[in-house]
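Thanks, everyone. I will go through some local geometry in this one, starting with the rings. Please have the viewer open.

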Amino acid sequence: MKKRNQILSLLLIVQIAIVTVLSKFPDFVEKYYSNGIYPYISSFLRTVFGWIPFSIGDVLLFIVLLWLIRSIWRFFKQKPKNYINMMFSIGAKLSVLYFCFNLFWGLNYHRDPLQKSMGMKMPTYNIDALSILSEKLLIKTQEIHFKLTRNDTIPVKTILSQQELLDRTVIGYNELSKIHPQFKYSQPKVKKSLFSLPMSFMGFGGYLNPLTGESQVNYNLLPFTMPSTASHEVAHQIGYANESEANFIGYLAAINNTDSLFQYSGYVMALRYCLNEIYRSDKDLFHEINNRLPIGVRKNIEANRTNWKKYDNPLEPYFKRIYDLFLKANNQKHGIKSYGRMVSLLMAYENAKE
């Protein structure tokens, strides 16, 4: 047992070295992993776990957290002479987890950037270009909002259940794959997270469990934000680990969905990211565009802000900081700010269409 733990612990160092080397060859990862073995792994995991009504990944995560707490407790309860053996024991388990993480999903962090596979040129945009993009998104938002409500003062609502909304996510990917086959989504399944309450306090709308391939969405989200969040998590499922890319793909899937609520969710999400970027440079322009939003849209946005405010707590910034470090450790140099960098992809996509 001791020898096995020592070997596995040493293999953790070897694995980290291999992943570091692979990160220097994104073309290789793209061809042989992301477009090679990963689609089969992903499809297999969804076939195995998709039919189960609750998240197996959440249960597994809970077990891992219990093991971690128990290991830390046992480590400090041990006599100093046993510390080395305990460290090897923990290292062995981390080695197995690290291997599964990278094999089942994690290597997607090191694939080619999305703009390369889509043939887009990333712009160095200015406030004028950002204003034009925001104007396009504003018009689309106004159109879809009126289509859904027939009254610009009424916020968008739905009679669909949360699970019905999640199940309709696949429609957007079916439509999107007709335009961009690389976004094909087979064996679809998105689940509500068993950890929705803790996720709310941490400030997260959803996550992908890399060990089971399950996408989980926070069931405390408002209905109009759930479609874009679910579409974002599916982008992770099909192999796009980068947060800005998942945001962008989720947006494309949402606006191509035949369900108007998904389109509304996608356009509002994208417009808010653009407005956030404008706010940093030109607050007057931000207010000018924001004030032209239909009152009903602003009511939806304010309701969403109020909903998240219920879960404000002093620990949230620390959870975000930990996730920021996790992203930076996995080839996302901008960390949690990567979410907002989808604006560059939006602009590149619009430029490519033109």
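Phe101, Trp105 and Tyr109 are joined into a cluster by ring pairs. Rings of Phe, Tyr and Trp (its six-membered ring) pair if their centres lie within 6.5 Å; planes under 30 degrees apart count as stacked, over 60 as edge-to-face and the rest as tilted.

Before going on, the ground rules. This is a predicted model, where local features need pLDDT of at least 70 and side-chain atom pairs count only at pLDDT 80 or more, while totals for chains, interfaces and linings use all residues. Residues are numbered from 1 along each chain as its sequence is written, and side-chain values use heavy atoms, with hydrogens and water left out.

Back to the rings. Searching the whole structure gives twelve aromatic pairs. One of them is Phe28 with Tyr32, a tilted pair with 4.9 Å centre to centre and 45° between the planes. Phe28 and Tyr32 are about one helical turn apart, because they are four residues apart in helix H2 (residues 26-49). Helices here are DSSP runs (H or I, at least four residues), as are strands (E, at least two), numbered from the N terminus. Phe28 is partly exposed at 45% relative accessible area, and Tyr32 is partly exposed at 46%. For these labels, buried means under 20% relative accessible area, exposed over 50%, and partly exposed in between, with a 1.4 Å probe and protein chains only.

The next pair is Phe224 with Tyr264: the ring centres are 6.1 Å apart and the planes are at 55°, so this pair is tilted. This one links distant parts of the chain, 40 residues apart, with Phe224 in the loop between strand E3 (214-217) and helix H10 (226-237) and Tyr264 in helix H12 (residues 260-281). Phe224 and Tyr264 are both buried.

Which charged residue lies over the face of Tyr240? That is Arg111, at 4.1 Å from the ring centre. Lys283 lies over the face of Tyr279, at 4.8 Å from the ring centre. The criterion is NZ of Lys or CZ of Arg within 6 Å of the ring centre and within 35 degrees of the ring normal.

Now helix H10 again, which holds Ser231. Ser231 counts as buried because its relative accessibility is 1%. Setting aside neighbours within four places in sequence, Ser231 is in contact (heavy atoms within 4.5 Å) with Thr169, Tyr173, Gly250, Ala253, Ala254 and Phe262.

Thr149 sits in helix H6 and is buried as well, at 15% relative accessibility. With neighbours within four places again left aside, the contacts of Thr149 are Ile154, Pro155 and Val156. The C-alpha atoms of Thr149 and Trp67 are separated by 50 Å, and the two residues are 82 residues apart along the chain.

Last, backbone angles. Most residues other than glycine have a negative phi. Arg150, however, has a positive phi, near 60°. Arg150 lies in the loop between helix H6 (127-149) and helix H7 (162-167), and is exposed at 60% relative accessibility. Gln187 also has a positive phi, near 45°. Gln187 is in the loop between helix H8 (169-179) and strand E1 (190-192), and with a relative accessible area of 35% it is partly exposed.

That is the list. I will take questions.
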